[in-house]
Amino acid sequence: MATHARRRLVDTADALFLAEGVRAVGVERLLVESGVGRASFYRHFASEDDLVVAVLAERDRRWRRWLAEGGDALGRDPLAVFDVLAADVERGEFRGCAFVNAMIECADADDPVHRLAVAHKRAVTDFFAELLADAGQSQPAALAGRFVLLMDGATVTVVRERSAEPLRWAREIAASLMT
């Protein structure tokens, strides 16, 4: 039963944090929405920040697995990452990048939430570097940083424009950077 309470907390927090932000959702709301009692919450998490870190760590694993599988399905083409993201946007309910959002809300570089979001972005950059190296690019690490910059900028623009088109523009720009 205790495992179910933890799962309900994480699932509820994941949905609420993405929809409303990590700082906009308090413990009281999480308890009501998840149906988990306060004592159970604190049995699983020392603080709300510990829950945020747990939620983002799980989301990181799921998201990177999803991205890799999508890229694999499209032949591990580094540009296909933009296509995978655009297809996700077109499915609807896109709320932006949970990690960019968390970094903005938890801007202190020493904040564990901020550190986890930064680690996620480093892992995504490494993923791009691997794809770019496999594609024969001469400076995959440097190019990967540019691809993540394009991806993050396009993702923010998607939220503003309510369209997947910015990811297509980012793909075009990324293609022009490849040698």
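**Pockets and fold of the predicted model**

The largest pocket has a volume of about 340 Å³. The structure is a predicted model, in which local features need pLDDT of at least 70 and side-chain atom pairs count only at pLDDT 80 or more, while totals for chains, interfaces and linings use all residues. Residues are numbered from 1 along each chain as its sequence is written, and side-chain values use heavy atoms, with hydrogens and water left out.

A pocket is here an open set of points on a 1 Å grid over the protein atoms alone, where a 1.4 Å probe fits and protein lies on both sides within 12 Å along at least five of seven lines; lining residues have an atom within 4 Å of a point. Volume is the space filled by probe spheres set on the points, which are joined across faces, edges and corners. Lining the largest pocket are 19 residues, and those nearest its centre are Arg59, Trp63, Asp88, Phe94 and Gly96. At least two lining residues come from each of α4 (48-73), α5 (80-90), α6 (98-105) and α8 (140-161). The lining comprises 9 nonpolar, 3 polar and 7 charged residues, where Ala, Val, Leu, Ile, Met, Phe, Trp, Tyr, Cys and Pro count as nonpolar, Asp, Glu, Lys and Arg as charged, and the others, Gly among them, as polar.

The second largest pocket has a volume of about 200 Å³. Its lining consists of 16 residues, with Arg95, Gly96, Cys97, Asn101 and Val159 nearest the centre. The helices α1 (2-20), α6 and α8 each contribute at least two residues to this lining, which divides into 8 nonpolar, 4 polar and 4 charged residues.

Aspartate 111 lies in the loop between α6 and α7 (112-134). This residue counts as buried because its relative accessibility is 14% (buried, under 20% relative accessible area; exposed, over 50%; partly exposed, in between; 1.4 Å probe, protein chains only). The side chain of aspartate 111 makes a polar contact with that of arginine 23 at 3.4 Å (a pair of N or O atoms within 3.5 Å, one able to donate a hydrogen and the other to accept it; residues adjacent in sequence count only if both atoms are side-chain atoms). Beyond neighbours within four places in sequence, aspartate 111 is in contact (heavy atoms within 4.5 Å) with Arg23 and Cys106.

The chain contains 9 helices and 0 strands (DSSP runs numbered from the N terminus: helices H or I, at least four residues; strands E, at least two). The C-alpha trace spans about 55 × 30 × 30 Å along its principal axes. Of the 179 residues, 46% are buried.
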